[in-house]
Structures are given as structure tokens and as C-alpha cells.
Amino acid sequence: MKNLMTGKIVLLLLSACVQEIENIKPDYAEDIRFDDHPKNQVYTNGLVTYQNNTSAPGSILLIDKPQETLWIGAVGKSNLEYQVNLRTNNLVRTGSVTKMFTAVVIMKLVEEGKLSLETTLASVLPSMNSHIPSANEITIRHLLAHLSGIVDPLNESLQYQADLINNPSRVYNKTIDNLLEEYVYGKDLRFKPGTAYSYSNSNYWILGKIVETITGNTIQREMEEKIFLPLGMNDTWLEKRDDKNVSRGYVDLYSNGVLQDVTTWDRAEGSDRAASGLISTADDLRKFMRGLFSGALVSLPTVAQMKTIQLPDCNSFDCEYGLGLEIWRTDAGTAYGHNGSLVGLEINVLWYEDNEAISVLYKNNGNFSDKSWLSQLIK
Amino acid sequence: MCLLVINFLTTRAQESINGRSIPITVTLFSESVGLPNFKGLFKNPNLGIRIGTEFYYANKTGHQTVQTLNIGYYYHKDFQSGLYLSSEIGYRKLFGDFFLDGTLGGGFLLVTSALPRYKKAGDNFEKISNTFGRFMPTLGIGAGYRFNSVSLFSRYEMFGEMPFGFKDLPALPHKTLHVGTRLNLK
């Protein structure tokens, strides 16, 4: 008994030695429910099953079909510390979904004649000549379509990942120039530009720099003026802004069924960057997809270009990527959009060509998930 | 409060070896997660302390084969603290009063995470203790100099947190850089 007490006291003292990461209590705002939707039960069942199968604290599903009224469902929690329910209009980090937005800004600059898809990296950012091999061969198209061969620290560099664990605040405060200098400059390309596909966040960091160089504005302001304001996306931003109502991120770090709150890591990677920094809501993402594929943001011929696989001899699922758009072969037909993931979340945003439906699927657990079940709801 | 814990454990360790003529090692170290390099060990370091002793399988003029027993603690801001008990087998080559050594060992690491932990309970997740145990393999090299009964040395040591599993990594690697002294107490 005495030993047990001693052990408890030691554990208590050890716990007191470590300060938990900051977690400010969110607002318990009112949810917008879609319970009267004719397919509410079917869609909710799919969402609950997905949440259970992926061990996610919370999950959101949006389905928007032209022949139906909009449906959004949310189950589970956005913040486990305070046991706050995830809401249908909850703010969420979107990870690489941001790349679609950056690609749209670039394509608008192309339409405005300020840039060409064949413009080389070296011509628009001459300093890159001394930092990135073959910068005079890498084009805007290569960057948009991940054909540049530039390394991807987020997925390839153990040093980057260790830096994220060691000091997420430091990673959060790094500028794009800092990131490029530390993890990208001076590294060999993975292949000759234009000859192969390799997904890299660096491409979109550089595209953000290009936007800022061409326009003289920040990428955040360009996105706001070219996308958020015209489409009325009032709950979307790219700049660094801490909001207690953004859903927190969790991951099973030790693969033992225990989730840990990794929001500080997601904040470091999922703020203000052209590759992964967008914060939004399911409905704002729907507005973006509807706007993009209806031609409200860029012309339909431009959208057609964005939907086209860019690697000439692509013969596998892995390289099916357009200009900022992933191409998904689903049981509901071909879909275009993007998957996004940070350590503590996964989100998938798709527009289906056959019936022009839109889906947004989010969960605040960063593990990989099977999303094929979604096709049955979209058909 | 951390110092109180360390003081408590140090006192207990001292009591357990009371009266014996065995070496006592004390090191201060910097800890960082990551690859075996020096990055993260100097700028805004995460500090730790280790106290230990060693026993000799062989104690010759030119070399020693040793077994160490250590207790250590580190604090890594915004990630975790670790309290560990470890033992290593080591080989030390002596060049006069200068020496080089290498060690291989393992131990038990009691982690207290700064990242809150939650476990599934029915349809929900409930908060659980943020203190948990892990196996801790270690690998280290060091160099130092003997002044009669006192040695000064530096060690570079890697240790892991096992099991891990995220991104299929079997262990979460940590690196430490120690500066310490060994006192041969009578």
C-alpha cells in the first residue's frame, strides 16, 4: 500500500513537471443541423461508420448534389479536453487542399497574362538559379503538377519531422525562405524536370513566392481577393491566425490505440503556407468547388487544363495529377479535387464529373483512411 | 518540483551505495529528438541530468570492460519529460590518462507527455494519464581524461522510445550530448 502511494506521488510529481500544450476553451456555438433532409439517416450512418472505423474523435461529411438539397453532418468531438461537439460549420485545417486554391491564383495570373505555364522558375525568381538545380528548365506547369523533381521535406526529411517534434513553434515561425534554405536549397532534383511525377510541398511553397513576386501582394491577400471575397467564403483564411474554434488534431503516435493532441504540430504546418495553410469550413469548401468547376473563378477551358493529367506517359494511379487537382477514379465516376492531411487530421474534397456532386469528408485523426464507401452515397 | 523529484531519487541512489568504493558518475546533458547529428543540442537545449555508477568485468592498465547503472531525467519543452533507469555494457580504451569508450544498453523510460492523451471509452474518448513507460535501447560513445580519482568526460548517446510505430518507425530516436564527471569515492 505504501509502495503504491509512493508510486502515485512520483507520478503526480512527474506530471507536474511537464506543462501540457495550450488549449483554450472553444465557444459552444450553435450547430446547423440537416436532420430534415430526406437522406439524413443514410448519410449519417455512413459518417458514423467512417468515424468508428477510423477511430476519429470527430468527423464531418458534406454532400451536395444538384438534384438534392445540401446535406452536412457532423459527429463526435472537435476538442476532447473540453468535450466540445464537432459542428457542421466547424472551422477545420485543410492541409494540402490549400494547393487547389494556390493553383487557382496561379491560373488566374496566367489568364491575366502576367504569367505563362511555360515560364521558367529562373526567369521569375532569378535567385533560384543558385539554389535549385535546373531552375532554368523547371516551369510553372512542372511546379503545379509536381513534375519538377524538387524534394519534399514534409514527407521525406526525417530532420524536418524531428524539427517539428522538437520545436513546433520554431517551425511555425519559419518563413518560406527559411524553409527553403534549410530543407530544399542545394538538394539534387529527384529527376530531370518534366520526366516524372513526385509530389512535393516545396513546389507550392515556391508557387506562393512566385505569386508574391508577380503581384507584389502576399499570397494570403491574393487568395482573399481572387477567391474568398468573390465566392462569399466568409469563414476561410490563409494568414496566421489562432482561433480557439478550429478543430483540434489527434493521432495515435505510439500505435497503441491512444490518441494524442498534436494541434501544435498541425498549427506549425497548417498555417499561412501556400502548400497547406488554409483554414475553412465544409460549406466554404463546397462554395469553392462549385465556383471552380462552374467557371466562376477561372474560365472553363482553364478548368479543363487543370483537370488534365500533366505527365505525358503517366500509367499509374499515383501520377494522375493535373494542375493543382488530383484525379480520383471512383465507383461514382471520375472525380477531381484534393486530399489533405496533417499529422492530426485528414480531409478530402472532391467534385464528381458525372453528376456534378461535391463531397467534403473530414476527420480529426491523422491516420490514413479508406474513402471508397463514399461513392455509394454520391451515385 | 522537478528538482525535488531528482533530489529525492538521487538521495535514494546515494543511500543504496552507501559505504561502497565504487565510482559515481554525474552528467548534465542536452536532449533532442532526431537523427544522429548535433542539430538541436545547442540552441535552446532541452536539459537533463544523469547519475550513475559502474562495475568492472575487466579493469586492466590499458582497457576496462564496464557495466553501468544510471538514473536520468530530462525535460523537453512542449513534448515530454523522461525519467529513466538504464544499464549499459561498455568498453573503455585508456591511453595514459586519456580514454575513449563505447556503450550499448537498455533501460526503462517513464515518459510524461506534454501532448494530452485520450483513449476510446464507448462512443467517446476520455483523458488518461500522460505518464507511460517505454523500453529504451541506448548506444553511446565518449571520451575523457582522468585526474587521479576524478575523470571529466563527454558522451554522445542515442536512445530510442520503443515501441513507437508512427510512420512505421520502430523507435522514436533521441540524441543526447553529455558533459560529466566520474568520482571514485572511497
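Predicted model: local features only at pLDDT ≥ 70, side-chain atom pairs only at ≥ 80, totals over all residues.
A disulfide is a pair of cysteine sulfur atoms within 2.5 Å.

**View 1. The disulfide of C314(A) and C319(A).** The sulfur atoms of C314(A) and C319(A) lie 2.0 Å apart, and the two residues form a disulfide. Searching the whole structure turns up one disulfide over all chains. The link of C314(A) and C319(A) is right-handed, with 95° about the S-S bond. Is C319(A) buried or exposed? C319(A) has 7% relative accessibility, so this cysteine counts as buried; the cut-off for buried is under 20%.

**View 2. Helix α14 (residues 300-307) of chain A and its buried residues.** Look here for T302(A), V303(A), M306(A) and K307(A), the buried residues of α14(A). They sit on the same side of α14(A) because they cover an arc of only 140° around the axis. Which elements do the buried residues of α14(A) pack against? Their partners in chain A are the helices α3 (98-111) and α13 (282-293), together with the strands β8 (326-330), β9 (333-342) and β10 (345-352).

**View 3. α3(A) crossing helix α10 (residues 201-215) of chain A.** The axes of α3(A) and α10(A) come within 10 Å and cross at roughly 40°. That angle makes α3(A) oblique to α10(A). The contact involves K99(A), T102(A), A103(A), V105(A), I106(A) and L109(A) from α3(A). From α10(A), the contact residues are N201(A), Y204(A), L207(A), V211(A), I214(A) and T215(A). As for handedness, α3(A) passes α10(A) in a left-handed crossing.

Technical notes
Residues numbered from 1 in each chain as written. Chains lettered and ligands numbered in written order. Heavy atoms only, no water. Buried < 20%, exposed > 50% of the residue type's maximum accessible area, 1.4 Å probe, protein only. Helix = DSSP H or I, 4+ residues; strand = E, 2+ residues; numbered from the N terminus. Arc of directions from axis to C-beta. Contact = heavy atoms within 4.5 Å. Axes fitted to C-alpha atoms, helices over the stretch in contact; angles between N-to-C directions. Parallel < 35°, antiparallel > 145°, perpendicular 65-115°, else oblique. Left-handed = near helix turned anticlockwise from the far one by under 90°.
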